[in-house]
Amino acid sequence: MFGRIGFPELLVILAICATGLVPFCKIFSKAGYPGILCLTMIVPLLNIIMLLFLAFSEWPVLKELKAVRQRSSP
């Protein structure tokens with residue numbers, strides 16, 4: 001019953017991983033980080049660390065926006 005994993009099961013697992021990684025790829029990209037960092041969400045303990053990093057770090061996009069606002073204000 002719990003033998004080897006077959007091709008259909010592997011396809012289901014890959015589909016679930018892909019649909020879960022696409023939103024994280026967009027989140028990392030919009031924050032200004034490389035989208036490939038979404039692959040860190042697969043690793044069990046690293047995904048929690050990356051979420052904390054996203055939550056509490058200053059995003060590159062916000063740093064750039066702050067720099068542009070400082071240049072344009074008198």
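Trainee: Where does Val43 lie?

Mentor: In this predicted model, Val43 lies in the loop between helix 1 and helix 2.

Trainee: Why is Val43 called partly exposed?

Mentor: The relative accessibility of Val43 is 41%. Buried means under 20% and exposed means over 50%, with partly exposed in between. Val43 therefore counts as partly exposed.

Trainee: What makes Val43 part of a surface patch?

Mentor: A patch takes residues with over 30% relative accessible area, and Val43 has 41%. Val43 belongs to a nonpolar patch on the surface, together with Ile36, Leu39, Ile42, Leu45, Leu46, Ile48, Ile49, Leu52 and Phe56. The accessible area of these residues together is about 1,000 Å².

Trainee: What does Gly32 contact beyond its neighbours within four places in sequence?

Mentor: Gly32 is in contact with Pro60 and Val61. The C-alpha atoms of Gly32 and Arg71, by comparison, are separated by 20 Å, and these residues are 39 apart along the chain.

Trainee: How do you know that the span of helix 1 is close to the expected one?

Mentor: Helix 1 has 25 residues. The expected span is 1.5 Å times one less than the number of residues, which gives 36 Å for helix 1. From first C-alpha to last, helix 1 reaches 36 Å, so the span is close to the expected one.

Trainee: Which residues of helix 1 are buried, and what do they pack against?

Mentor: The buried residues are Leu21, Phe28 and Ala31. They pack against helix 2 and helix 3 (60-72).

Trainee: What makes up the largest nonpolar core?

Mentor: That core has eight residues: Leu21, Phe28, Ala31, Tyr33, Cys38, Met41, Met50 and Leu54. Helix 1 (7-31) and helix 2 (44-56) each give two or more residues to this core, and helix 1 gives the most, with three.

Trainee: Which residues does Leu21 contact, leaving aside its neighbours within four places in sequence?

Mentor: Leu21 is in contact with Cys38, Leu39, Met41 and Ile42. Of these, Cys38 and Met41 belong to the core, whereas Leu39 and Ile42 belong to the surface patch.

Trainee: Why is Pro8 called exposed?

Mentor: Pro8, found in helix 1, has 53% relative accessibility. Exposed means over 50%, so Pro8 counts as exposed. Pro8 and Leu21 are 13 residues apart in sequence and 20 Å apart in space, C-alpha to C-alpha.

Trainee: What makes Arg4 exposed, and where is Arg4 found?

Mentor: Arg4 is found in the segment before helix 1. Its relative accessible area is 83%; the cut-off is over 50%, so Arg4 is exposed. The C-alpha atoms of Arg4 and Ile27, 23 residues apart along the chain, are separated by 35 Å.

Methods: Residues numbered from 1 in each chain as written. Predicted model: local features only at pLDDT ≥ 70, side-chain atom pairs only at ≥ 80, totals over all residues. Heavy atoms only, no water. Core = buried A, V, L, I, M, F, W, Y, C linked by side-chain atoms within 4.5 Å. Buried < 20%, exposed > 50% of the residue type's maximum accessible area, 1.4 Å probe, protein only. Helix = DSSP H or I, 4+ residues; strand = E, 2+ residues; numbered from the N terminus. Contact = heavy atoms within 4.5 Å. Patch = residues over 30% accessible without salt bridge, like charges linked within 9 Å, V, L, I, M, F, W, Y side chains within 5 Å. Areas by Shrake-Rupley, 256 points an atom, 1.4 Å probe, with all protein chains shown as cover. Salt bridge = Lys/Arg side-chain N within 4 Å of Asp/Glu carboxyl O.
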